[in-house]
Structures are given as structure tokens and as C-alpha cells.
Amino acid sequence: MKALTEYIARSLVDHPEDVAVDEIRHSGRVTLELHVAKDDMGRVIGKGGRVANAIRTLLRVAAERDGSQVTLDVVEP
Amino acid sequence: MNERTTLEKIAASVDEAVADGLAELGLPAEAVDVEVLDSGSRGLLGIGGRQARVRLTIKPQPAGPDAGPAAEPLPAAEADDDLLRIARQTVTELLDKMKVPAFVDIRYGSADEEGSRPVLVDIHGDDLGVLIGRRAEILNALQYIVNLIVSKQAGHWVQVTIDVEGYRARRERQLRQMAQRMADQAVKTGHRQSLEPMPANERRLIHIELRDHPDVTTQSVGDEPARKVTIVPK
């Protein structure tokens with residue numbers, strides 16, 4: 001899931017080198033914290049959160065595969 | 001540059017194995033030599049088939065910044081084939097990282113009014129319901145992300161349409177039939193008929209289907225994602 005988030009984020013931003021994802025696991029729950037450069041925030045969030053929500057939808061597919069639940073937070077730098 | 005210089009891949013066909021290998025290496029087809037180790041066989045009714053095996057060997061790099069590893073955005077697409085390659089690589093990478101094994105076919109659709117051709121992606125394989133989801137939620141999310149990534153990497157807007165196991169074609173037929181049925185209902189009862197909420201591409205189909213209907217007009221009402229088509233008797 002971390003790899004999926006990193007791949008999508010790096011492909012969308014102007015500063016792929018600034019993309020980092022922290023993965024925090026608590027039993028069946030996975031929290032992903034996505035860090036991007038300040039001026040790339042809009043690219044990974046999108047209008048009305050549309051991009052971030054689409055990423056969350058795809059993450060859910062990966063999460064269901066290993067029976068976990070996933071949360072994605074885009075973290076302000 | 002990746003320290004690995006050769007990679008062996010196994011997949012259902014030679015083409016798939018090569019595509020998988022290229023996606024994993026993040027390299028365009030020109031950057032590798034392909035050696036077919038086993039061309040595989042389909043088997044009877046999918047039983048007893050043999051997987052294809054290929055070996056990709058990375059060609060020595062000419063000096064220069066081109067053809068870096070996948071994490072770097074590809075250079076802007078100058079040729080059409082670059083576009084198809086970017087689209088294939090993007091979809092393959094996403095499916096791989098979503099842990100959904102599937103095959104990917106890529107081609108151009110027919111040109112629209114402005115002369116730009118959409119890229120059509122067909123995903124097929126077993127048990128791909130996970131890629132569609134309720135009201136195609138997952139399929140639409142995948143298509144949206146692929147559109148963004150391919151357009152970003154190509155340097156201009158590219159329309160990519162993704163279908164899974166013919167889902168969109170079946171859904172389109174259903175929607176057209178439903179549109180006609182609800183239009184009949186609107187005429188018969190004299191009352192406007194509201195359809196269920198739909199994404200923009202599906203609402204568009206309904207509007208087009210009923211555009212020339214003599215007795216009804218259509219409009220979209222409400223806010224995303226609950227926006228829906230209303231069929232109004234004239």
C-alpha cells in the first residue's frame with residue numbers, strides 16, 4: 001500500500017524527490033501519511049479532495065487483499 | 001541506473017511477459033534486448049497451458065539523461081507510441097501495486113470532434129469485480145488516476161478510458177435501455193422521472209440517448225456525487 005501511494009504521488013507531483021510515505025500499522029489498521037512538497041499539495045489532494053479520494057479508493061482494493069483497513073492522510077509540510 | 005542488467009519474466013504470453021518486465025524495469029522497449037526463453041502454449045480451454053518466459057537484457061546506456069529508471073517521469077511524448085507505452089506502464093504498475101493480477105490491452109479509440117484520439121485500455125483476467133466496485137466506483141477512480149498520471153507524463157491532456165471485462169459496454173447498453181424506459185414513463189404519467197445518482201460520463205450517455213426524443217427533455221440536478229439526471233415531459 002505504501003508502494004502504491006508512493007508510485008501515484010511521485011507520478012503526479014513536480015517534486016517527486018520530496019515524496020515520502022510513512023506507514024503506521026496497528027493490528028488490522030494501516031495509516032499512511034503522505035508527505036509532499038508544499039506546492040504539490042494541490043496535486044495529490046485535488047479539487048474537493050478528488051485526487052486523494054481516488055487514491056483512497058484504490059488503496060482499499062489493496063487493503064482488502066490482505067484483510068486490513070487503510071487510512072490515508074496528506075500531511076502539511 | 002539500476003545495477004540489474006538482466007531480468008527474467010514469466011507470464012501468460014510473450015507480450016505480457018515483456019510488458020511486465022519493462023514495467024518492472026521502468027524502461028521503454030528500445031532500452032532492452034528481448035530473448036524468448038519459452039514462448040509458452042495456450043493449452044486446451046486454458047488447461048495445461050505453459051507460461052511464456054522471456055529474458056530482458058538492458059542495453060548499454062548511451063551517455064545522457066534519457067531512459068532513466070521508472071521513478072523519473074518519462075520525457076514528453078513526441079510520438080503516439082510513447083503515449084501508449086506510458087499508458088500501459090502506468091496501468092500495469094498500478095495493478096501490480098494493488099496486487100490485482102490482470103492483462104492489459106492498449107489501443108487508440110476513434111478521434112473525437114477536435115481530432116484527438118482517446119487511449120483505450122482493456123483490462124481482463126479472472127475475478128476482476130474488485131476493479132469495478134459499487135457503481136463502478138473503483139473503475140472510475142482508477143481511470144481518473146491513470147488520466148492524471150498519463151497526462152502529467154505526456155505533458156498535455158490525454159483522455160484515457162479504462163474498461164474491465166467489457167463492463168462499460170454492458171453498462172452503456174443498460175443505461176440506454178433504462179433511459180428509454182424512463183422516458184416512456186415520463187410521457188405516460190406526465191411526471192418528471194429522477195434516475196439514480198451517476199457519474200458524469202454516465203449522465204452524459206443518458207442526455208445523448210434522449211437528445212432527439214420528441215416528448216422529453218433531460219437535465220442534471222443536485223451536487224456531485226449525488227448528481228442525477230431528471231427526465232422531464234415536454
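**Chains A and B: terms against values**

Mentor: Chain B and chain A bury about 2,000 Å² between them, and 69% of that area is on carbon and sulfur atoms. This is a predicted model: local features need pLDDT of at least 70, side-chain atom pairs count only at pLDDT 80 or more, and totals for chains, interfaces and linings use all residues. Residues are numbered from 1 along each chain as written, chains are lettered from A in the order written, and side-chain values use heavy atoms, without hydrogens and water.

Trainee: What makes an area count as buried area?

Mentor: Buried area is the accessible area (1.4 Å probe) that two parts lose on being put together, summed over both. B:K97, B:Y144 and B:K152 supply 29% of what chain B buries against chain A, more than any other three residues.

Trainee: How many residues of each chain are in contact?

Mentor: Chain B brings 20 residues and chain A brings 21. Contact means heavy atoms within 4.5 Å.

Trainee: Why is the pair B:E137 and A:R60 called a salt bridge?

Mentor: The rule asks for a side-chain nitrogen of Lys or Arg within 4 Å of a carboxyl oxygen of Asp or Glu. The closest N and O atoms of B:E137 and A:R60 are 3.1 Å apart. That distance meets the cut-off, so the pair is a salt bridge. Across the interface the rule finds 3 salt bridges.

Trainee: Which elements of chain B give two or more residues to the side that touches chain A?

Mentor: They are α2 (80-97) and α3 (137-154) of chain B. Helices (H or I, at least four residues) and strands (E, at least two) are DSSP runs, numbered from the N terminus. The largest share, 10 residues, comes from α3(B).

Trainee: What is the make-up of that side by class?

Mentor: It has 12 nonpolar, 3 polar and 5 charged residues. Ala, Val, Leu, Ile, Met, Phe, Trp, Tyr, Cys and Pro count as nonpolar, Asp, Glu, Lys and Arg as charged, and the others, Gly among them, as polar.

Trainee: How does the span of α3(B) compare with the expected one?

Mentor: The expected span is 1.5 Å times one less than the number of residues. α3(B) has 18 residues and reaches 26 Å from its first C-alpha to its last, close to the 26 Å expected. Just after α3(B), B:G155 takes a positive phi of about 85°.

Trainee: How do you know whether B:Q143 is buried or exposed?

Mentor: B:Q143 sits in helix α3 of chain B. Its relative accessible area is 12%, under the 20% limit, so B:Q143 is buried. Leaving aside neighbours within four places in sequence, B:Q143 is in contact with B:V160, B:T161, B:I162 and B:R168.

Trainee: Why is B:D127 called exposed?

Mentor: Its relative accessibility is 69%, over the 50% limit, so B:D127 counts as exposed. B:D127 is found in the loop between β5 (119-124) and α3 of chain B.

Note on methods:
Buried means under 20% relative accessible area, exposed over 50%, partly exposed in between (1.4 Å probe, protein chains only).
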